Amino acid sequence: MAKYKLEYVWLDGYKPVQNLRGKTQIKEFASFPKLEELPLWGFDGSSTRQAPGGSSDCVLKPVAVYPDSTRKNGVLVMCEVLNADGTPHVSNTRATILDDEDTWFGFEQEYFLYQDGRPLGFPENGYPYPQGGYYTGVGYKNVGSVAREIVEEHLDLCLDAGINHEGINAEVASGQWEFQIFGKGSKKAADDVWMARYLLIRLCEKYGIDVEFHCKPLRGPYNEPLDWNGSGMHSNFSTKFMREVGGKEYFEKLMAAFAKNMSEHVAVYGPDNHFRLTGLHETQSIDKFTWGIADRGSSIRVPHSFIKAGYKGYLEDRRPNSAANPYDVASRILKTIAEVPTK
Ligand code: ADP
Ligand code: MN
Ligand code: MN
Ligand code: MN
């Protein structure tokens, strides 16, 4: 038997962006615990905007388990929040996803690393070099001295945890980075994004750096646009039908459904997205829906490979932003797909 440190991680009740919370309990197991072996636990919901003070108990229900290589016998436990009666708490949108293991999601999480209230690489006053050299850049003047260390360490933590990290790159703005996560099944993919966010935020503590997930942190004094990119969470998706059957006719019907549901999608694609979806900086305007082949100025980008394969494969919804909740994004995409008949 060994004593394991179980870090129960959950989403709080803050709006419009839920925060990650976590606390540890120690339990003995013969070997690394399986999901079924992990007990329900509780927390004080009145401190997380999830319950009134008078009846503050909320329940944590383990839904995914990951090794935590930063701790001896460390375990990360992704949880859903339940009310005391066992029903899903309103903040728990994971519980409402139409799950489908055959739907695959690839999330491209962009973010800024911030220190002293500004992105890494920004001087105390004014701006660093204009955008151009930072994207996939190398060299101190492009990426500084600490960001790559964080990004590499984060990559290893995610791989140790068994998270399906697919890659990393320096992004267009100074101090801006991206990682990509792929998962089969919306819950798996979205759980992995949340746990990867958790690992990144926690890792940055020791560097005195915060992770800024706002989709357009760099704005002028009256919110006027500046020539600095915002952050997205491009959401790539494919169903079994899209991968194996597809076809032009189905694709066109699917895009018509996306166009019809434009506002419902934008509503869950992250707050303040109007600052980011402007039609500039590789985005489409927030009030337009378009698709385009290899077009990074469209709402949905259709990869060349999709057309070449006879309208088969995956599509990229470029609208979800860096602060969006991947449970809600996946859930909305699945709902729209479900509206389109495959026969
Ligand atoms: P770009 O920056 O050019 O948009 P990335 O390589 O950053 O491209 O991201 C592409 C994403 O597409 C990856 O997250 C990958 O997991 C995802 N992806 C690839 N194939 C599929 C598929 N069949 N279904 C869903 N997502 C996919
Ligand atoms: Mn990318
Ligand atoms: Mn990117
Ligand atoms: Mn992309």
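1. Start with ligand 1. Its shell is made of five nonpolar, six polar and four charged residues. This is a predicted model, and every point below should be read with that in mind. The shell counts 15 residues, and Gly106, Phe182, Asn236, Ser238 and Tyr314 come nearest to the ligand. Which elements give two or more residues to this shell? They are strand S6 (104-115), strand S9 (176-184) and strand S11 (233-238).

2. Next, the sheet. Strands of a sheet pair through backbone hydrogen bonds, and the pairing can be parallel or antiparallel. Here five strands form an open sheet in the order S2-S1-S5-S4-S3. The pairing is mixed. Strand S2 (20-29) and strand S3 (41-44) are the edge strands. Each has a single partner strand, so one side of each has no neighbour in the sheet. From one strand to the next, the twist averages 40 degrees.

3. S3 pairs with strand S4 (residues 57-68) over four bridges. The sense of that pairing is antiparallel. Find Trp41 in the model: the residue opposite is Leu60 in S4.

4. A helix covers part of this sheet. H3 packs on the sheet and touches strand S1 (2-11), S2, S4 and strand S5 (74-82). How does the direction of H3 compare with that of S2? The two directions make about 95 degrees.

5. H3 also has helix partners. Two packed helices are described by the angle between their axes and the distance between the axes. Take helix H3 (residues 186-205) with helix H9 (residues 326-338): their axes come within 9 Å and cross at roughly 155 degrees. That angle makes H3 roughly antiparallel to H9. The crossing is right-handed.

6. Now the residues at that crossing. On the H3 side they are Ser186, Ala189, Ala190, Val193 and Trp194. On the H9 side they are Pro326, Tyr327, Ala330, Ser331 and Leu334. By class, the contact of H3 with H9 has eight nonpolar residues, two polar ones and no charged ones.

7. The other helix to check against H3 is helix H2 (residues 147-160). The axes of H2 and H3 come within 10 Å and cross at roughly 135 degrees. H2 and H3 are therefore oblique to each other. The crossing of H2 with H3 is right-handed. H2 brings Ile150, Glu153, His154, Leu157 and Cys158 to the contact. H3 brings Ala196, Leu199, Leu200, Leu203 and Cys204. The classes in the contact of H2 with H3 are eight nonpolar, one polar and one charged.

8. Two backbone details deserve a look. Where is the cis peptide bond? The bond runs from Lys15 to Pro16, with omega near 0 degrees. Pro16 sits in the loop between S1 and S2. The second detail is Thr136, with phi near 50 degrees. That value is positive, and the residue is not glycine. Thr136 belongs to the loop between strand S7 (118-119) and helix H1 (140-143).

Methods. Residues numbered from 1 in each chain as written. Chains lettered and ligands numbered in written order. Predicted model: local features only at pLDDT ≥ 70, side-chain atom pairs only at ≥ 80, totals over all residues. Axes fitted to C-alpha atoms, helices over the stretch in contact; angles between N-to-C directions. Parallel < 35°, antiparallel > 145°, perpendicular 65-115°, else oblique. Left-handed = near helix turned anticlockwise from the far one by under 90°. Contact = placed C-beta atoms within 7 Å. Nonpolar A, V, L, I, M, F, W, Y, C, P; charged D, E, K, R; others polar. Near = placed C-beta within 6 Å. Pairing = 2+ DSSP bridges.
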